[in-house]
Amino acid sequence: MMTSHLLALHPFVADLTSEQIVTLSTCATAVRFAPGALIFREGETADACYLVRAGQVALQLHAPDGPLVVETLTGEHVLGWSWLVPPHRWRFDAVAVDDVDAISLDAGCLRRLLGDDPALHAVVSRQLLAIVSDRLEHTRVRLLDVYGHHHAAGV
Amino acid sequence: MLPVSEAVAATPLAPRLTHVDRVERETADTVTLHVSAVDTELPPFAPGQFDMLSALGVGEVPISVSGDPDDRVTRQYTIRAVGAVTRALTSLRPGGVMGVRGPYGHPWPVEAAVGADVVVVAGGLGLAPLRPAIHHLLAHRDRYGRISILYGARSPDELLFADEMQRWQSDVDVAVTVDAPSAPGKAIPPWDGRVGVVTTLIPDALFDPHRATALVCGPEVMMRFTARALADQGVTGERVYVSLERSMACGVGLCGHCQLGPFFVCVDGPVLRHGLVGPWLAVREL
Ligand SMILES: Cc1cc2nc3c(=O)[nH]c(=O)nc-3n(C[C@H](O)[C@H](O)[C@H](O)COP(=O)(O)OP(=O)(O)OC[C@H]3O[C@@H](n4cnc5c(N)ncnc54)[C@H](O)[C@@H]3O)c2cc1C
Ligand code: FES
């Protein structure tokens, strides 16, 4: 178990009460990944939620001619929500690009806490939904291919 | 009576003849032309202004000046071939001739930004109109606070001024991201940098949101999302400046081709406060 102090500094818990943060900290461990380290692998059981505190992570898919980077994430962010949604399997590989400091929340512990505390479940779900919708917006903008010629600004 | 060349130069709508000194290929469809005037010097320009360039016998188009505003001899234009005129211009070789009239339009507010942090956000070809402002900021580095250049492009092979960007890094913060680090069937240089939309660079950039000035140029969708992401960080639309593109004919406020609501983009812009012009960009079918 880690101190709730470190957890309290992460923006993910900004809307939680100090009691909820203490409760959540029972699932938390501080982890560090060296550059190039595999944080999780596509298809494996999603056994944690990572609250990244610093460092860059590449989300990538394995392809015959090498990994395809789908997105990079930096700064304080949340890595992985597959732990919440059955069948609880990672959809991508996550690789540390540089030194990555994170708080790992154990998925089983987290699901149990959320099951026991509907208020906590609501706050965490809302936070995750905001992150998912942000990432979806980014993906949609990339799909638009805004730098393509047909998107000349009003010309 | 004035000699013919002087009389022509004195007419605001008459192009000056220039010749191409150098052509630099930037990407598969984009080149930078270095040009100088055949007889008289080209008038100085301010960062963000544009010239009307004519490909002789083909037509005339507005193109932002992309070079150093302190260079009084050579003018640079970074042009993407998209249609008849830009194809003709990008096909010019050293020694080729083209017409230039200008400079026109409202520049980037580099003087108003003195003393504050500056965030430059560029998308794709949008780095070209921002480059003179970057030259200015670097030439007067001590007059500004933190300077961040955030640049997003479609893929690594479409990044402009990559070598120059390396040099800028020694004086200012530079962050670059691409939408697609690789593409099936396309040979693209290996990329180990950031992947994602340019707005994802904003939360990591270091600036004082209450005093920073943001200079933004790129496709309109990108500028809209950027203004929103800057607002999320506390930079209000009054300190966010965007450079707009509209179809133009005269370039001097006479024909109305470039009208956007109450603005003529050629004279009121191309650089406008997002706080002022944002609502008009949101009006559909304008
Ligand atoms: C103030 C201002 C500054 C500009 N600065 C630059 C610059 O620095 N470099 C540059 O390359 N262009 C710049 N442009 C855009 C440039 O003027 C147009 O690309 C040009 O007018 C197209 O003319 P054309 O005859 O080659 O193509 P057209 O025959 O007019 O158009 C051919 C096709 O290209 C599309 N198209 C038109 N304009 C653009 C565009 N901007 N981007 C992508 N597709 C387009 C049209 O919709 C059409 O489908 C600027 C425009 C403005 C208003
Ligand atoms: S281009 Fe003629 S008024 Fe602007």
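Of the 286 residues of chain B, 47% count as buried. This is a predicted model, and the report below takes its two chains in turn, then their contacts.

**The two chains**

Chain B holds seven helices and 15 strands. Chain A has four helices and eight strands. Along the sequence of chain A, the pattern reads α-α-β-β-β-β-β-β-β-β-α-α. Some values for each chain are set out here.

| Chain | Residues | Buried residues | C-alpha span along principal axes |
|---|---|---|---|
| Chain A | 155 residues | 32% | about 55 × 35 × 30 Å |
| Chain B | 286 residues | 47% | about 60 × 45 × 45 Å |

How does chain B fit the rule for a compact globule? With 286 residues, such a globule would have a radius of gyration near 19 Å, and chain B agrees because its own value is 19 Å.

Contacts in sequence terms come next. In chain A, take the contacts with a separation of 6 or more: 73% of them link residues 24 or more positions apart. In chain B, among contacts between residues at least 6 apart, 71% join residues at least 24 apart.

**Domains of chain B**

Chain B is divided into domain 1, residues 4-104, and domain 2, residues 118-281. Their centres, taken over C-alpha atoms, are separated by 22 Å. Across the boundary, 21 residues of domain 1 of chain B are in contact with 20 residues of domain 2 of chain B.

Which elements of domain 1 of chain B give two or more residues to the side that touches domain 2 of chain B? They are strand 1 (16-27), strand 3 (50-55), strand 4 (59-64), strand 5 (75-80) and strand 6 (97-104) of chain B. By class, this side of domain 1 of chain B has nine nonpolar, eight polar and four charged residues.

**Where the chains meet**

Chain B places 25 residues in contact with 20 residues of chain A. On the chain B side, strand 10 (194-195) and helix 5 are the elements that give two or more residues. Helix 5 of chain B gives the most, with four residues. The chain B side divides into 11 nonpolar, six polar and eight charged residues.

**The nonpolar core**

In soluble globular proteins, nonpolar side chains tend to be buried together. Here the largest nonpolar core has 112 residues. Those with the most contacts inside the core are A:Val57, B:Val120, B:Leu150, B:Ala214 and B:Val216. Helix 3 of chain B, residues 127-139, supplies the largest share of this core, six residues. The core draws at least three residues from each of domain 1 and domain 2 of chain B.

Take B:Val120 as an example. Leaving aside neighbours within four places in sequence, B:Val120 is in contact with B:Leu130, B:Ala133, B:Ile134, B:Ser148, B:Ile149, B:Leu150 and B:Leu215. One of these partners, B:Leu150, is also among the residues with the most contacts inside the core.

**Helix 7 of chain B**

Helix 7 of chain B covers residues 274-281, and its buried residues are B:His274, B:Val277 and B:Leu281. Why do these residues line one face of the helix? Seen down the helix axis, they fall within an arc of 85°, so they share one face. What do they pack against? Their partners in chain B are helix 5 (220-233), strand 12 (240-243), strand 14 (263-264) and strand 15 (271-273).

Note on methods:
Residues numbered from 1 in each chain as written. Chains lettered and ligands numbered in written order. Predicted model: local features only at pLDDT ≥ 70, side-chain atom pairs only at ≥ 80, totals over all residues. Buried ≥ 20, exposed ≤ 12 C-beta atoms within 10 Å, placed from the backbone. Arc of directions from axis to C-beta. Contact = placed C-beta atoms within 7 Å. Nonpolar A, V, L, I, M, F, W, Y, C, P; charged D, E, K, R; others polar. Core = buried A, V, L, I, M, F, W, Y, C linked by C-beta atoms within 7 Å. Domains from an automatic or database assignment. Rg over C-alpha atoms; globule rule 2.2 N^0.38 Å.
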